[in-house]
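Here is a short tour for a reader new to this structure. Please look at the model below before reading on.

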Amino acid sequence: MEEQVAIGKPTAEHGVEGDVETWAVELKEARKTYRTGPIEIPALRGVSLRIAPGEFLAIAGPSGSGKTTLLNIIGGLDRADDGEVWVEGKNLQLLTSGELAHMRLERLGFVFQAYNLLPVLTAMENAEFTLLLQGVPVERRRERVQKLFLEIGLAGLENRRPAELSGGQQQRVAVARAMVTEPVLILADEPTANLDSATALSLLDVMEKLNRDHGTTFVFSTHDPQVMERSRRWIRLRDGQIASDAAHASHILPP
Amino acid sequence: MSGVLLLVKIGWRNLWRNPRGTLLTALALGLGLALLLVSLGLLDGLHEKMVSDGVRFGTGHVVIQAKGYQDTGSQDLLLPAQVVSTTAEFLHTEPMKRLVRGVSPRLLASGLLSSAANAAGVGIIGIMPKEERAVSLIPSRIVEGKNLTDDEQSGVVIGAELARKLEVKVGSKVVLMTQAVQQPDREATDPGEGGMQSTLLRVSGIFRTGVQAVDAHVVHLLLPVAQTLLGVPGRVTQIAVLLEREGDSLMVARDLRKQLAGVAVEVLPWRESMPRLVQIFRLDQAFNYVMNGVVLAMVGLGILNTILMRVLERRYEFGLCKALGLRPLQLAVMIIGESLALTTISLALGLALGSIVHYYIATFGLDLHWLFKGGAPSAFVFDPIIYSRLSLSRIVSSVSIVFLTTTVISFYPAFKAARTELPDALKVF
């Protein structure tokens, strides 16, 4: 059972009221329309929301509801046509593409639905890819990746290429790569879509543990009931607008 | 730096995701380079042969003749008497002695050679047999009879075409008629001077070079006989000098000019005395450059096609890299690195293939007799067996040009990869 809350309004359970710097993510009336020739497809129609640091939330909705668009805009992979998008106190609308790339590298992590890894790199090389781009020396890179691999059950698989890993193992490597730069926010777009339920649960265990132990904010876009079940907050999208925004019943704090 | 190395590593490994495809592409491109090298080797070999045969048919590597002879060809223009001995002395001293293979004084004139059956206009060359053999190829092409000897005052050596036309053979009698030379510094008091002169000769040898113009036109007789006939005792038209190395032509010509300073002569290296040969070279070069340009364009398009296909196939991968924070320039570097790696493999294969073919043709020659039906291919090449000659500078310049071309060409696919649009590139379905 979920507590229903007024659409778009955060509450004390969700985060601390205050200015933009205290929120991991804040959107104010974000809009996005895709144009294909003469046809216009509104993907987001004025979305406002706030995500506090350390949240573990799912954005759910039918296909075409705007989930991926919302995630892309939060992650700086796309720009809103209108409205404000703040991540870690920075207005993404004002950043250049170079600054967005820098922000993605330094502050964000991404886990995609499939084909997350560079096929010609080993698991270790894929995981340390972003650290390499940051210029972290090799010893520190290896140390951090190996520690993470141990934590998420990938020890011993460092030298395997993606083709030699199972789907679940590949997604774990993607999670390791996302985590290794110690980001404040990880955006996962349907990370369990191509996994069987057991593997999906196992992956969720890993991400939940990382969220608990490291305080990293996780935002999922998902259809998967297992993901929604594990999330502490659900945001439902319909036709590019927030239909509901509620804490999961099991995560509501007692008064 | 480690980021650049990673990008290079990714580029190199990407080549081997499809090893067969990469090797096939490299082979195709390598064949282009091999073709370039082989054609350049053949061209240089042909030119070397044209020079070596051409100078031995013509005026040698360096020629000394009376001033103005190159432009007019007038048989009245003769070298001053002392030039022959001065030149011979100079060329027998060090260091010239080591550079010179032969020195042949010649008296040149036009005339009419008649037999009982016919008559033909001829080019008369008065020679000293031993000296001429060291310089000219004609004495080595005797097919009937023998070369002139010093004691054969009435002997004449003619070409096979001329013999056929005059219906003569070895031992036949012929009459040679020419106009005696008008000496500009004397009154025409001698009744023979400037008038027609003739002499009876016997055919002692017939040569065949395969060059129609030579076989139908040139006659050799002893220098003293020609001098008497033309009324110019002790005089010659030119001194042909054959060197051990073509590359010394300019230097020897320069030193001879210094030695003969103040004398009314022209000392010409073969490039100046045989301008037609130089023109043929230039035409060959121009044609070769066009052909090589076509080959280069094909190689470049091959690389462009391969890299562009790879870029278009990996759009998602590039989107992923950009999503993770890779900058457009870094992505471009990765693609250029991949292209350079493919080019390097192609060049290595091309060099190997080209070297093998070049070695074979350099050693055994390419026989083009079938193309010329037994005749010579031109007025400058007697023997249509071409040996490839490929210098290090040619190889380096060819490889450099291919490398630079493919590098420049790879900028377009690199630019395309760098402009991969997020988030479209990340759409899986």
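## A loop residue in chain B

B:Glu167 sits in the loop that links helix H7 (160-166) and strand S6 (173-179) of chain B. The model is predicted. The phi of B:Glu167 is positive, about 55°, although the residue is not a glycine. Most residues other than glycine have a negative phi. Is B:Glu167 buried or exposed? B:Glu167 counts as exposed, because it has 11 C-beta neighbours inside 10 Å.

## Positive phi in chain A

A:Asp239 is not a glycine, yet its phi is positive, near 50°. This residue is in the loop between strand S9 (233-238) and strand S10 (241-247) of chain A. With 14 other C-beta atoms within 10 Å, A:Asp239 is partly exposed.

A:Glu182 also has a positive phi, near 55°, and follows H6(A).

## Cis peptide bonds in chain B

Most peptide bonds are trans. The bond joining B:Glu94 and B:Pro95 is cis, with omega about 0°. B:Pro95 belongs to the loop between helix H4 (81-91) and helix H5 (96-99) of chain B.

Another cis bond joins B:Leu422 and B:Pro423, where omega is about -5°. B:Pro423 is located in the segment after helix H17 (411-418) of chain B.

## Chain A and its helix H6

Chain A has 255 residues, and 48% of them count as buried. Its secondary structure comprises 8 helices and 10 strands. Take the contacts in chain A between residues at least 6 apart in sequence: 72% of them join residues at least 24 apart.

Helix H6 of chain A covers residues 167-180. In H6(A), 12 of the 14 residues are buried, so the helix is largely enclosed by the rest of the structure. Among the buried residues are A:Gly168, A:Gln170, A:Arg172, A:Val175 and A:Met179. The buried residues pack against strands S6 (108-111) and S7 (185-189) of chain A. They also pack against helices H3 (123-127), H4 (129-134), H5 (138-151) and H7 (197-214) of that chain.

## Helix H16 of chain B and its partners

Two packed helices are described by the angle between their axes and the distance between the axes. Helix H12 (residues 275-313) and helix H16 (residues 392-409) of chain B pack at an angle of about 40°, with axes 9 Å apart. H12(B) is therefore oblique to H16(B). The crossing is right-handed. H12(B) contributes B:Leu296, B:Val299, B:Gly300, B:Ile303 and B:Leu304 to the contact, and H16(B) contributes B:Ile401, B:Val402, B:Thr405, B:Thr406 and B:Ile409. These residues divide into 7 nonpolar, 3 polar and no charged.

H14(B) packs on H16(B) at about 155°, with the axes 10 Å apart. The two helices are therefore roughly antiparallel. Their crossing is right-handed. Residues from H14(B) in the contact include B:Leu340, B:Thr343 and B:Leu347, while those from H16(B) include B:Val399, B:Val402 and B:Phe403. By class, this contact has 6 nonpolar, 4 polar and no charged residues.

Helix H2 (residues 19-57) of chain B also meets H16(B): the axes come within 11 Å and cross at roughly 145°. This crossing is right-handed. B:Leu33, B:Leu36, B:Leu37, B:Leu40 and B:Asp44 of H2(B) meet B:Arg394, B:Ile395, B:Ser398 and B:Val402 of H16(B). The contact has 6 nonpolar, 1 polar and 2 charged residues.

## A buried serine

B:Ser346 is part of helix H14 (residues 328-364) of chain B. It counts as buried, because 28 C-beta neighbours lie inside 10 Å. Which residues does B:Ser346 contact, leaving aside neighbours within four places in sequence? They are B:Ala26, B:Leu29, B:Gly30 and B:Leu33. B:Ser346 and B:Leu31 are 315 residues apart in sequence, but their C-alpha atoms are 8.3 Å apart in space.

## Where the chains meet

In the model, 19 residues of chain B are in contact with 23 residues of chain A. On the chain B side, helix H1 (2-15) and helix H13 (315-324) each supply at least two residues. H1(B) gives the largest share, 6 residues. By class, the chain B side has 10 nonpolar, 4 polar and 5 charged residues.

Methods
Residues are numbered from 1 along each chain as its sequence is written. Chains are lettered from A and ligands numbered from 1 in the order in which they are written. This is a predicted model: local features need pLDDT of at least 70, side-chain atom pairs count only at pLDDT 80 or more; totals for chains, interfaces and linings use all residues. Helices (H or I, at least four residues) and strands (E, at least two) are DSSP runs, numbered from the N terminus. The expected span of a helix is 1.5 Å times one less than its number of residues. A residue is buried if 20 or more other C-beta atoms lie within 10 Å of its own, exposed if 12 or fewer, and partly exposed in between; C-beta atoms are placed from the backbone. Two residues are in contact if their C-beta atoms, placed from the backbone, lie within 7 Å. Axes are lines fitted to C-alpha atoms, for helices over the stretch in contact, and angles run from 0 to 180 degrees between N-to-C directions. Angles under 35 degrees count as roughly parallel, over 145 as roughly antiparallel, 65 to 115 as roughly perpendicular and the rest as oblique. A crossing is left-handed if the near helix is turned anticlockwise from the far one by less than a right angle, and right-handed if clockwise. Ala, Val, Leu, Ile, Met, Phe, Trp, Tyr, Cys and Pro count as nonpolar, Asp, Glu, Lys and Arg as charged, and the others, Gly among them, as polar.
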